[in-house]
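Have a look at the structure first, and then read on.

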There are 2 protein chains.
Amino acid sequence: MTDETGNTKFSVKTFDSDRDLQGEGGGGKDNPTGKNGESLFGYSNPAFTGSFHSKLSEVEMKGSNDFTLIDEPKRSTIKAIKTVVPWLKQKVQKACTKKMLHRRLPIISWLPQYNSQDAIGDLVAGITVGLMVIPQSLAYASIAGLPPQYGLYSSFLGCFIYIVLGTCKDVPMGPTAIASILTFQIVQGRSPEYAILLSFLSGIIELLMGFFGLGFLVDFVSGPVSSGFTSAAALIILTSQVKDLLGIKASGSTFVQTWTSIISNIHGLSGWDTFLGAASIIVLLLMRLMTKIKFGPEETSDSAPNKFQKFANATIWIISTSRNAILVVVCGFIGYFLFTSYEDVPVKLIGDIPSGLPEIKVPAFSMNSGNTTTSFLDMLATLGSGVILVPLLALLEDIAICKAFANGKSIDATQELLSIGVSNVATSFFQGFPITGALSRSAVLNSSGARTPFNGFYTGVLVIAALLFFTPYFFYIPKASLAAIIIAAVIFMVEVKVVRPMWRCKKSDFFLALATFVACLVLALEVGILVGIGMNLLFILYYAARPKITIEKLVSSNGIEYLMLTPDRCLIFPSVDYVRNLVTKHSVRQEIPVVIDCSHIYGADYTAATVIDTLTKDFACRNQVLIFYNLKPSVSNVFEALSPKEFLVSYNEEDVNSLLSRKTTELKARCNI
Amino acid sequence: MTDETGNTKFSVKTFDSDRDLQGEGGGGKDNPTGKNGESLFGYSNPAFTGSFHSKLSEVEMKGSNDFTLIDEPKRSTIKAIKTVVPWLKQKVQKACTKKMLHRRLPIISWLPQYNSQDAIGDLVAGITVGLMVIPQSLAYASIAGLPPQYGLYSSFLGCFIYIVLGTCKDVPMGPTAIASILTFQIVQGRSPEYAILLSFLSGIIELLMGFFGLGFLVDFVSGPVSSGFTSAAALIILTSQVKDLLGIKASGSTFVQTWTSIISNIHGLSGWDTFLGAASIIVLLLMRLMTKIKFGPEETSDSAPNKFQKFANATIWIISTSRNAILVVVCGFIGYFLFTSYEDVPVKLIGDIPSGLPEIKVPAFSMNSGNTTTSFLDMLATLGSGVILVPLLALLEDIAICKAFANGKSIDATQELLSIGVSNVATSFFQGFPITGALSRSAVLNSSGARTPFNGFYTGVLVIAALLFFTPYFFYIPKASLAAIIIAAVIFMVEVKVVRPMWRCKKSDFFLALATFVACLVLALEVGILVGIGMNLLFILYYAARPKITIEKLVSSNGIEYLMLTPDRCLIFPSVDYVRNLVTKHSVRQEIPVVIDCSHIYGADYTAATVIDTLTKDFACRNQVLIFYNLKPSVSNVFEALSPKEFLVSYNEEDVNSLLSRKTTELKARCNI
């Protein structure tokens with residue numbers, strides 16, 4: 001990370017985002033500690049007593065070559081094209097270093113130090129999450145509008161892959177509520193081949209995003225948009241389960257459609273289903289509350305709980321955590337009892353699930369149904385923006401877990417993208433639908449003591465065992481109890497808590513979240529989040545277009561009055577005409593020299609250069625002095641490329657003063673002639 | 001323009017873009033001179049000798065309430081809703097002031113002072129442009145793919161309306177090459193009703209844009225995108241005329257399609273048409289060069305030209321300027337001669353043009369052709385994004401004229417939008433297609449001595465006269481000569497001149513222009529400009545997302561080493577995670593107190609607040625001191641809404657020093673316990 005532009009300064013390091021990203025794309029940026037960690041912070045001035053500002057401005061001046069809005073290549077373009085080959089070579093070489101190997105295969109770092117404590121922690125955590133994921137995956141398949149076995153098909157391979165590629169011990173790879181509801185809204189009840197293709201394509205996109213270092217795209221989903229989206233998704237998921245809970249038939253993919261359909265079918269309500277479902281929800285919520293019960297002394301007190309108390313607390317915690325599995329087993333028995341007792345079973349059961357592991361086959365790139373052939377392009381058109389949005393939201397959920405348990409460590413988004421990408425591509429060959437790190441299981445994973453990503457092994461094995469041996473028993477699970485599991489979980493995904501702080505923080509952010517929420521409900525989820533992101537980007541663009549200008553009337557040391565105008569942001573195309581209008585308006589009125597303070601201007605472009613050219617011409621026509629103060633050399637280079645006449649730049653106050661007096665005298669002399 | 005937030009400072013005025021825009025939308029911002037021109041710049045400090053920087057930072061601190069990224073309403077939302085009615089009332093009242101009347105009806109300002117000199121200037125200019133516009137409008141109709149009379153129908157009403165509403169004497173309202181080719185690509189050879197509806201809808205959109213102050217949207221079309229688009233449009237227009245020039249049949253709307261069609265039909269080339277067309281182009285280009293001939297002494301010498309020389313120069317200028325009209329008349333005679341001499345006319349003539357003024361009728365909002373009815377929504381879907389792009393590009397062309405002849409005066413985009421909007425709506429009732437200020441005629445208008453917008457009267461009258469009396473003679477005008485007129489004009493629209501300065505200024509801008517150019521040629525014009533604008537916005541977003549951070553190791557006055565991090569831009573959602581990662585990375589490595597210099601941070605949002613909250617928590621966990629230096633109060637308010645713990649802010653160097661020593665001692669004491 002040495003500075004190409006000639007880094008003569010020891011004390012300053014400017015982070016060039018371009019280079020950082022490139023590095024990440026090609027296999028991670030190099031770690032500055034290694035190469036120049038010593039010289040980097042070598043500067044220290046024990047006698048430093050001067051003012052902050054003079055110090056800072058000096059540093060900025062030196063560093064300002066890096067401040068162009070878009071870094072110019074210092075070489076010609078033909079050269080640049082020629083350097084693509086060595087660049088690729090360098091990337092490959094870089095990717096083969098030992099450090100890079102450790103980055104790309106994190107297992108190498110932790111496996112040699114794996115000890116018995118790690119093994120126990122991972123075993124407990126893996127089995128706990130395994131017990132969670134089996135009922136969840138059946139339920140998520142129903143959210144995605146697929147037969148239940150597809151949930152199990154999606155739940156094991158990702159776990160194994162994440163052991164090798166994953167960076168965060170708390171990420172449980174597998175189907176998630178959000179990915180499932182997105183799959184449903186995108187596939188809209190078509191055959192499972194679409195969901196499998198979506199998984200494959202999402203994986204490919206994730207790998208591409210990883211390779212090109214596009215992990216930063218998640219930064220464009222802001223907190224408010226994410227909250228609005230998640231809350232709406234939760235409500236839509238809840239809505240999608242109401243029909244199973246009430247034992248009625250209903251269709252529709254958006255919130256409004258589904259509720260309309262539910263209300264028009266409410267007459268078919270089944271008492272047994274509704275009762276079982278409602279009871280299940282209540283039981284689940286009570287079992288969730290159980291963790292609040294703590295035996296022994298309070299945590300704040302100094303005395304430790306005794307053995308019995310510890311055991312009781314642990315038991316309660318385990319029961320509470322495996323509440324979904326317990327409920328499924330109990331309801332399964334009820335289902336079995338009802339199935340054997342009644343001729344006409346009064347509750348809807350999951351029904352037959354094919355036993356055994358899924359057939360390994362290439363995802364369908366075209367489909368034949370009867371006489372009609374659906375081509376790959378037709379299928380792609382059906383998936384539409386989902387092919388981009390599923391990867392984006394998969395990454396968002398995964399990164400959210402990494403962040404939650406990072407403890408201030410930085411996150412390797414590129415490596416996570418690779419893990420999710422490989423998992424999705426591989427899973428699509430096992431007939432799975434899109435998967436990612438599941439936020440809902442990550443907290444359990446963390447609190448049940450996971451120590452390395454190896455915990456996924458036990459989860460995966462449990463799911464495989466379920467597929468091989470338990471599927472006949474799944475027949476008896478009532479649909480209403482699965483619906484209850486989902487509903488009891490997703491109601492906590494509605495982010496009511498953020499409303500107050502968001503309102504206090506920034507009203508516009510609150511309205512943005514609300515708009516995203518409503519758009520996701522009324523339109524489709526994927527449209528809603530695009531609307532939210534779009535609106536958010538408009539805010540940024542608007543404020544890039546309308547900088548603020550502070551205007552002062554000052555008097556130079558030699559008694560010349562002048563106007564000092566200070567724009568607060570970059571001079572780039574959407575703002576520069578606005579700035580010109582303001583400058584012109586005020587300078588025409590005052591008829592005194594004008595100084596434009598460019599301290600805050602870090603970038604400029606061709607449009608700005610043309611406008612500055614016109615501005616200097618206008619001032620020259622009016623015989624009015626115009627001085628650019630503290631213009632960064634890089635910006636000045638852009639402006640001077642058009643060789644504007646009478647373009648005066650000065651870099652310190654004295655210079656401004658002397659320029660002012662010289663120019664004013666010149667003008668007076670000219671006017672007198 | 002008094003400051004709502006309580007403007008206690010005399011010296012500082014912060015331009016709040018929100019309010020400015022509101023003002024413009026509701027009928028123009030008020031002119032600051034009138035209301036507070038005196039107090040505004042009342043501050044002057046004759047004894048000013050201090051440093052710029054300390055001065056400026058003080059001013060910024062005071063003004064910083066205005067620096068939030070999004071201005072918060074100071075009142076509650078319910079109140080805000082209640083104030084909508086008075087706001088509307090105020091807008092209406094404002095719109096009725098005398099000043100506003102002058103702004104909205106600029107004719108009131110200049111008509112009372114109209115004198116004989118103005119009358120002569122306008123008469124000459126108006127007639128000159130009238131002679132230009134008649135052949136041009138026939139040609140433009142052919143560009144738009146419409147029968148020639150529609151060009152004339154579009155050319156008179158706008159001139160009359162602009163007299164009353166227009167702000168710039170040099171704007172010739174009427175059909176233009178760009179608007180015509182856009183119309184062609186949008187309507188794609190459908191019946192004229194579509195073009196007329198496009199004109200009507202464009203007018204409505206322009207009026208709405210004017211009312212809501214959306215004139216700033218043209219700022220989002222940067223110089224490079226505009227150059228790329230104009231050059232591509234010129235080539236497409238040229239391409240569209242080649243078939244008439246060669247006398248062959250060809251179809252297609254994009255550049256590539258049309259050329260493919262031309263090449264496959266080249267065998268039908270008509271020698272007469274080609275010869276006439278080529279000869280016309282050569283004659284036109286030579287006549288264009290005539291203006292270079294100057295009799296008499298050179299302009300730089302002191303002696304003035306004598307009467308004869310003046311007369312000769314003026315004659316040459318008039319002949320050169322009316323070259324299109326002359327060519328049309330001459331070629332018309334040739335056409336007449338050929339028509340009467342040959343049974344099978346060897347050149348294609350324009351043919352019958354219905355005589356008389358157009359029938360006044362409401363634009364068609366639905367269409368019946370045979371059995372099929374096309375509904376309004378179907379027609380709207382056909383016009384598609386054109387309904388937005390035509391107004392945008394119409395405004396762009398009009399504003400370009402205003403800027404070119406503004407001589408440093410500011411431009412009233414709102415009023416121009418109203419002028420264009422009313423002109424388009426009105427013209428659509430006279431069966432015209434979209435019109436705007438025509439860049440090609442504006443230069444002639446300016447150089448032929450236009451003094452007020454009244455020159456449009458003569459142009460309009462000439463066009464009406466043409467419609468009433470001359471249409472029978474238009475029958476004989478060869479199509480090839482009209483094509484020649486267009487080609488000889490548009491080749492100068494290809495902006496070859498900007499390539500060099502753009503390349504020197506900023507390579508990325510050059511590539512952007514090139515990409516827009518290629519996209520406009522290969523895809524359609526309206527798609528190409530959207531691609532260009534989109535790419536340009538991506539640049540802005542990327543640089544909003546990746547600020548640069550300068551890092552220094554400093555030592556406080558009492559000998560404590562600390563890291564000083566200075567981000568250079570706003571902390572808003574796409575960048576804040578990136579900043580957090582960088583801050584964390586460097587602070588974890590150094591384990592010394594960290595000071596974040598927030599001098600350049602003018603805005604923050606909820607996402608930033610949550611990240612800052614996490615950051616302070618992380619630092620607290622690590623027992624590392626984190627101080628925010630020089631944080632604007634508005635930004636600080638946003639951060640503090642989440643009540644982060646250990647959130648330290650200081651506003652001057654001494655404060656930082658004392659905070660550093662106090663906190664370091666505290667932490668040491670805590671660690672020793």
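## Helix packing and its surroundings

In helix 12 of chain A, the residues A:Ile196, A:Ser199, A:Phe200, A:Ser202, A:Gly203, A:Ile204, A:Glu206, A:Leu207, A:Met209 and A:Gly210 meet A:Thr414, A:Leu417, A:Leu418, A:Ile420, A:Gly421, A:Asn424, A:Val425, A:Thr427 and A:Ser428 in helix 20 of chain A. Contact here means that two C-beta atoms, placed from the backbone, lie within 7 Å. The residues of this contact divide into nine nonpolar, nine polar and one charged. In that scheme Ala, Val, Leu, Ile, Met, Phe, Trp, Tyr, Cys and Pro are nonpolar, Asp, Glu, Lys and Arg are charged, and the others, Gly among them, are polar.

A word on the source: this is a predicted model, in which local features need pLDDT of at least 70, side-chain atom pairs count only at pLDDT 80 or more, and totals for chains, interfaces and linings use all residues. Residues are numbered from 1 along each chain as its sequence is written, while chains are lettered from A and ligands numbered from 1 in the order in which they are written.

How do the two helix pairs cross? The table puts them side by side; axes are lines fitted to C-alpha atoms over the stretch in contact, with angles from 0 to 180 degrees between N-to-C directions. Helices (H or I, at least four residues) and strands (E, at least two) are DSSP runs, numbered from the N terminus.

| Helix pair | Axes come within | Crossing angle |
|---|---|---|
| Helix 12 (residues 192–211) and helix 20 (residues 413–429) of chain A | 7 Å | roughly 155° |
| Helix 13 (residues 223–246) and helix 14 (residues 255–264) of chain B | 10 Å | roughly 25° |

Helix 13 and helix 14 of chain B are roughly parallel (under 35 degrees) to each other. In chain B, B:Leu235, B:Ile236, B:Thr239, B:Ser240, B:Val242 and B:Lys243 of helix 13 meet B:Phe255, B:Thr258, B:Trp259 and B:Ile262 of helix 14. By class, that contact has six nonpolar, three polar and one charged residues.

Next, burial: a residue is buried if 20 or more other C-beta atoms lie within 10 Å of its own, and exposed if 12 or fewer do. In chain A, 47% of the 673 residues count as buried. Seven of the nine residues of helix 10 (residues 157–165) of chain A are buried, so this helix is largely enclosed by the rest of the structure. Its buried residues pack against partners including helix 20 and helix 22 (455–474) of chain A. Helix 22 of chain A also holds A:Pro472, which counts as exposed with 10 C-beta neighbours inside 10 Å. In chain B, 11 of the 11 residues of helix 11 (residues 177–187) are buried, so that helix is largely enclosed too. After helix 11 of chain B comes B:Gln188, with a positive phi near 50°.

Finally, the strands. Strand 6 (residues 549–555) and strand 7 (residues 561–567) of chain A run antiparallel, joined by seven bridges; strands pair if DSSP finds at least two bridges between them. A:Thr550 has A:Thr566 in strand 7 of chain A as its bridge partner. Five residues lie between the strands of this hairpin, where A:Gly559 takes a positive phi near 80°.

Note on methods: Angles under 35 degrees count as roughly parallel, over 145 as roughly antiparallel, 65 to 115 as roughly perpendicular and the rest as oblique.
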